[in-house]
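Reader: Hi! I'd like to talk through this model with you, starting with a pocket. Could you put it up on screen?

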Amino acid sequence: MIPFPSPASGGGSGWGCDKMRSLSLLVLALLAACAPTYPRDVAFTDLPGWAADRHAEALPALRVSCTAIAALPPDRELGGAEATRANADALRPACAELATLPPGDDAARAFLERRFRPVALGQGILTGYFEPELRGSATRTDRFATPLHARPPELVEADLGTFVPDLRGRRVAGQVRDGRLHPFADRAAITAGALAGRGLELVWVDDPADAFFLHIQGSGRVTLTEGGVLRLGYGGWNGHPYFAVGRVLVEDGILPREQVSMQAIRAWMDTAGPEAAAALMARNPSYIFFRRLDLPPEAGPIGTQGAPLTPMRSIAVDRTLVPLGLPVWVSGRDPLTDQPLRRLTIAQDTGGAIRGPARADLFTGWGPEAAARAGRLRDPAALFLLMPR
């Protein structure tokens, strides 16, 4: 660090404010000049742990993305900013070769290095999400009293990029009244019964906190008392911004920032009681609607790209900066093992809290281990996008 001389007091010939300001601007300019710019092209050897991954394990996820892309017009944009933008046609040569690729990690790594070029997106944050497993009933009872709703027919969503190119990928949702789009009911209003009596309840679950965290994850499995498992996927959004309720517990001095996790928030809710938990959940006005999915038990939920997600190989990204369907190398830390988490992933999903080029949400799967990893995963990570050559 460069030390600054202290301003002289009295009438001596010390450093004045103008000189201090000039020096500060000079130092900031020097630091900016030394800092790397993103995105920037790099070599595969610059990707931490690249040679050690089992690359073939990520190719099934890439294949399902290729299937989704094959149904698109050639000029359909997959997302990205100016330096990272790609359309469906750009990925088709790689998808064609992938269909005939022999098995094995060596062939997979050679294919990736031949068909793609790595672009550093910078240092960011890697979080995790999973597919929760809940208990529910097709009918309301004293035990099963919390509804999961289908999308109301009057809810309207739009991609603002359709109207303003600079807002590509940004969404708005609401309800049209008198020819104008108005905000839809928020979480507190819906929880208080704003949608009651309309037959929108897909299922009733036994725990409001489970329903709340299902909204955050966006998809889940509900084991029904009547028998069978109901698979639910994202069906819509009420248009209100997502608010991380853990911030409230930090600001109120209840949890240290470094200890905030899904598990810690849930433990506080259980201890604080139903009323305090309901008040905390109401601080997040965003509310998710669901739809039934016809999926086999071994398949992951459906991501934004329309492809089933693969545990530990699918990520959610900011599609305004990272195109859906492209491979992304992630270099972070596994919170369960405290070992490096370095692996090839595929950008197949999006999320309301995922903003920025070096920001990703790793799909960890389903079950207790997936929940534990997702709930604790919030670590610095470096991201590298693999652009089609």
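Reader: Which helices and strands each supply at least two residues of the lining of the second largest pocket?
Author: Strands E6 (146-149) and E10 (201-205) do, along with helices H5 (187-191), H6 (208-217), H8 (262-272) and H9 (274-282). Helices here (H or I, at least four residues) and strands (E, at least two) are DSSP runs, numbered from the N terminus. Bear in mind that this is a predicted model: local features need pLDDT of at least 70, side-chain atom pairs count only at pLDDT 80 or more, and totals for chains, interfaces and linings use all residues. Residues are numbered from 1 along each chain as its sequence is written, and side-chain values use heavy atoms, with hydrogens and water left out.

Reader: Thanks! How much space lies in that second largest pocket?
Author: The second largest pocket holds about 640 Å³. Its lining has 30 residues, and the closest to the centre are Thr-146, Pro-147, Thr-191, Pro-208 and Met-281. A pocket is found on a 1 Å grid over the protein atoms alone, as an open set of points where a 1.4 Å probe fits, with protein on both sides within 12 Å along at least five of seven lines; lining residues have an atom within 4 Å of a point. Grid points are joined across faces, edges and corners, and the volume is the space filled by probe spheres set on the points.

Reader: And what is the lining of the second largest pocket by class?
Author: There are 18 nonpolar, six polar and six charged residues. Nonpolar covers Ala, Val, Leu, Ile, Met, Phe, Trp, Tyr, Cys and Pro, charged covers Asp, Glu, Lys and Arg, and the others, Gly among them, are polar.

Reader: Are Arg-266 and Asp-207 buried or exposed?
Author: Both are buried. Buried means under 20% relative accessible area, exposed over 50%, and partly exposed in between (1.4 Å probe, protein chains only).

Reader: Nice. How many salt bridges does that rule give?
Author: The count comes to 23. One of them joins Asp-379 and Arg-333, at 3.1 Å from N to O. Asp-379 is in strand E18 (residues 378-388) and Arg-333 in strand E15 (residues 327-334), so this bridge ties together parts 46 residues apart in sequence. Asp-379 is buried at 11% relative accessible area, while Arg-333 is partly exposed at 28%.

Reader: Which residues are linked in a network of salt bridges?
Author: Asp-53, Arg-54, Glu-57 and Arg-313 are. There is also a salt bridge between Arg-85 and Glu-77, with 3.8 Å between the closest N and O atoms. Arg-85 is partly exposed at 35%, and Glu-77 is partly exposed at 33%.

Reader: Switching to backbone: which residues other than glycine have a positive phi?
Author: Asp-178 is one of them, at about 55 degrees, and Met-312 is another, near 65 degrees. Asp-178 lies in the loop between strand E8 (171-177) and E9 and is exposed, with 83% relative accessible area. Met-312 lies in the loop between strand E13 (288-293) and strand E14 (314-316) and is buried at 14%.

Reader: Which residues form a nonpolar patch on the surface?
Author: Val-156, Val-176 and Leu-181 do, with about 230 Å² of accessible area together. Leu-181 belongs to strand E9 (residues 180-182) and is partly exposed at 43%. Nonpolar patches join side chains (Val, Leu, Ile, Met, Phe, Trp, Tyr) within 5 Å, from residues with over 30% relative accessible area and no salt bridge. The areas come from the Shrake-Rupley method with a 1.4 Å probe, and for residues only the protein chains shown count as cover.

Reader: Last one: how many helices and strands are there in the protein?
Author: Ten helices and 18 strands. Of the 389 residues, 47% are buried, and the C-alpha atoms fill a box of roughly 80 × 65 × 50 Å along the principal axes.

How values were computed
Patches are made of residues with over 30% relative accessible area and no salt bridge: like charges are joined within 9 Å, nonpolar side chains (Val, Leu, Ile, Met, Phe, Trp, Tyr) within 5 Å. A salt bridge is a side-chain nitrogen of Lys or Arg within 4 Å of a carboxyl oxygen of Asp or Glu.
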